[in-house]
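Biologist: I am new to this structure. Please take a close look at one part, the surroundings of the ligand, and then show me what they connect to.

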Amino acid sequence: MSKIIAIANQKGGVGKTTTAANLGIGLANLGNKVLLIDGDPQGSLTAALGFDPDAQSYTLANIFADVINEQNDIKNKGIIHHAEGVDLIPSNLKLSSLELQLVSIMGRELILRQYIETVKSDYDYIIIDCQPSLGMVTVNVLSSADTVLIPVQTSYLPVIGLQELIKTIGNVKRQLNPKLEIEGILITMLNKRTNYAKEIMELLKNSYGAQVKIFETTIPRSVKAEESSTTGESIFKYDKRSKVAEAYGALAQEIGGTNV
Ligand SMILES: Nc1ncnc2c1ncn2[C@@H]1O[C@H](COP(=O)(O)OP(=O)(O)OP(=O)(O)O)[C@@H](O)[C@H]1O
Ligand SMILES: [Mg+2]
């Protein structure tokens with residue numbers, strides 16, 4: 001049984017892409033077959049895994065177009081293999097123009113789901129990195145997913161912005177994807193020493209803890225995480241003894257440890 005996890009937050013720079021890459025590779029390190037999908041026209045996940053977004057000739061935008069045009073030979077087309085054992089569907093800016101074209105398409109929210117149905121039996125996990133918006137591509141991702149993992153930074157405004165995201169997830173669940181659940185809220189870039197971070201964590205627990213799981217595992221702020229995203233390697237390869245590697249390893253265990 002495969003599980004499809006969207007990594008989403010319309011707030012920018014909260015650690016979505018870093019989490020997609022390292023959770024994906026963390027799950028692969030536990031013996032799972034993992035497909036990563038870059039759902040962001042910025043191509044950050046593609047770049048973080050060491051591929052040049054602009055050099056990719058077949059991307060997620062082509063997959064959308066092929067599904068719309070009822071091409072039936074798209075399975076495995078455009079899947080790139082990464083040295084650390086995960087597969088990737090890349091993205092680049094073409095996804096932005098594609099997103100605009102979706103407005104006039106019938107069934108526009110469910111295009112990605114049609115594609116994922118064709119590949120999901122090949123994987124234990126499909127992890128989809130979302131762009132920082134709740135536009136039509138993100139709605140497609142939420143319509144395809146089993147769960148949503150929400151990375152959050154411990155500062156005031158991002159925590160407040162969660163309400164809008166949780167509402168959108170609820171709307172998608174009601175109207176498009178009844179099985180959709182929230183996997184949990186993941187605190188990223190945490191500086192445990194500050195009182196401010198503690199206050200925000202309390203606020204998170206009081207505001208959302210009853211509705212949504214907040215992961216035990218938190219991701220510490222560390223320059224190692226930033227550095228690793230420029231090398232094309234996961235944190236496990238870049239510095240496996242770092243606190244961030246330990247944290248993403250624990251997150252992979254928390255989510256997928258029972259699968260192996
Ligand atoms: N644990 C961490 N410690 C320090 N820096 C981090 C950590 N995680 C991510 N970063 C850095 O913070 C920046 C934003 O992270 P990332 O790109 O993962 O966020 P994002 O939510 O995907 O952003 P966007 O909304 O633009 O897609 C990047 O430069 C990344 O390298
Ligand atoms: Mg990103």
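Modeller: Start with helix α1, which gives the most to the shell around ligand 1, three residues. This is a predicted model: local features need pLDDT of at least 70, side-chain atom pairs count only at pLDDT 80 or more, and totals for chains, interfaces and linings use all residues. Residues are numbered from 1 along each chain as its sequence is written, while chains are lettered from A and ligands numbered from 1 in the order in which they are written.

There are 19 residues around ligand 1. A residue is near the ligand if its C-beta atom, placed from the backbone, lies within 6 Å of it. Lys16, Thr17, Thr18, Pro132 and Ala225 come nearest. Both α1 (16-29) and α9 (223-228) supply at least two shell residues each. Helices here are DSSP runs (H or I, at least four residues) and strands are E runs (at least two), numbered from the N terminus. By type, the shell holds six nonpolar, nine polar and four charged residues. Nonpolar means Ala, Val, Leu, Ile, Met, Phe, Trp, Tyr, Cys and Pro; charged means Asp, Glu, Lys and Arg; the others, Gly among them, are polar.

Now follow these helices to α11. Its buried residues pack against α1 and α9, and also against β5 (125-130), β7 (181-188) and α10 (235-238). Buried means 20 or more other C-beta atoms within 10 Å of a residue's own, with C-beta atoms placed from the backbone; exposed means 12 or fewer, and partly exposed lies in between. Among the buried residues of α11 are Val244, Tyr248, Leu251 and Ile255. An α-helix has 3.6 residues a turn, so residues three or four places apart point the same way.

Next comes the core. The largest nonpolar core has 72 residues, and Ala6, Ile127 and Leu142 have the most contacts inside it. α11 gives the most to this core, with seven residues. Such a core is a set of buried Ala, Val, Leu, Ile, Met, Phe, Trp, Tyr and Cys residues joined through C-beta atoms within 7 Å. Take Ile127. Beyond its neighbours within four places in sequence, Ile127 is in contact (C-beta atoms, placed from the backbone, within 7 Å) with Ile5, Ile7, Ala20, Leu23, Gly24, Val34 and Leu36.

Last, step back. The chain has 11 helices and seven strands. Buried residues make up 46% of its 260 residues.

How values were computed:
Two residues are in contact if their C-beta atoms, placed from the backbone, lie within 7 Å.
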